[in-house]
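Please walk through this model one residue at a time.

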Amino acid sequence: MADCLFCKIVAGEIPSTKIYEDENVYAFADIDPQAPFHAIVIPKQHITSAAEIDSNNSALISKIFEAIAKIAKQENLENGFRVVNNCGADGGQTVGHIHFHLLARRNLAWPPG
């Protein structure tokens, strides 16, 4: 999608600090980290939000979680981590490309705050 911030990052049009990449998934450091480790994990294919997951793209979502497991091992997140997805305006989604926040290296209390 031409005007999508995350599609531009995947295309290399906007710089990012790459943490992980494979044929389906790209992960990069969040520019406003909320934990000592904070990555944004996205599919390279544009999906606007979790509300658009269907039988045509759900396999890609599983690839994202496979990548998250690889990133956790790569980054030695053995003490645990949190995966967050915000969906829609009321859910706190600020970029219209499905993405998952991978947060770690601090105690992540519940509820978040």
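A residue is called buried at under 20% relative accessible area, exposed at over 50%, and partly exposed in between, using a 1.4 Å probe and protein chains only. His-101 is buried, because its relative accessible area is 14%. The model is predicted, so local features need pLDDT of at least 70, side-chain atom pairs count only at pLDDT 80 or more, and totals for chains, interfaces and linings use all residues. Residues are numbered from 1 along each chain as its sequence is written, and side-chain values use heavy atoms, with hydrogens and water left out.

Now place the residue. His-101 sits in strand 5, residues 100–104. Strands (E, at least two residues) and helices (H or I, at least four) are DSSP runs, numbered from the N terminus. Strand 5 is mostly covered, with five of its five residues buried. His-101 and Leu-103 point one way. Phe-100, Leu-102 and Ala-104 point the other way.

Next come the neighbouring strands. Strands count as paired if DSSP finds at least two bridges between them. Strand 3 and strand 5 run antiparallel, joined by five bridges. In this pairing His-38 stands opposite Leu-103. Strand 4 also runs antiparallel to strand 5, with four bridges. Here Arg-82 stands opposite Leu-103.

What does His-101 touch, leaving aside residues up to four places away in sequence? Contact means heavy atoms within 4.5 Å. The partners are Asp-30, His-38, Ala-39, Ile-40, Arg-82, Val-83, Val-84 and Asn-86. Ile-40 is 61 residues away along the chain, yet its C-alpha atom is separated from that of His-101 by 4.8 Å. With His-38 there is a polar contact between side chains, at 2.8 Å. Such a contact is a pair of N or O atoms within 3.5 Å; within protein, one must be able to donate a hydrogen and the other to accept it, and residues adjacent in sequence count only if both atoms are side-chain atoms.

Finally, turn to the largest pocket. A pocket is an open set of points on a 1 Å grid over the protein atoms alone, where a 1.4 Å probe fits, with protein on both sides within 12 Å along at least five of seven lines; lining residues have an atom within 4 Å of a point. The largest pocket is lined by 30 residues. Nearest its centre lie Asp-30, Asp-32, Gln-34, His-38 and His-101.
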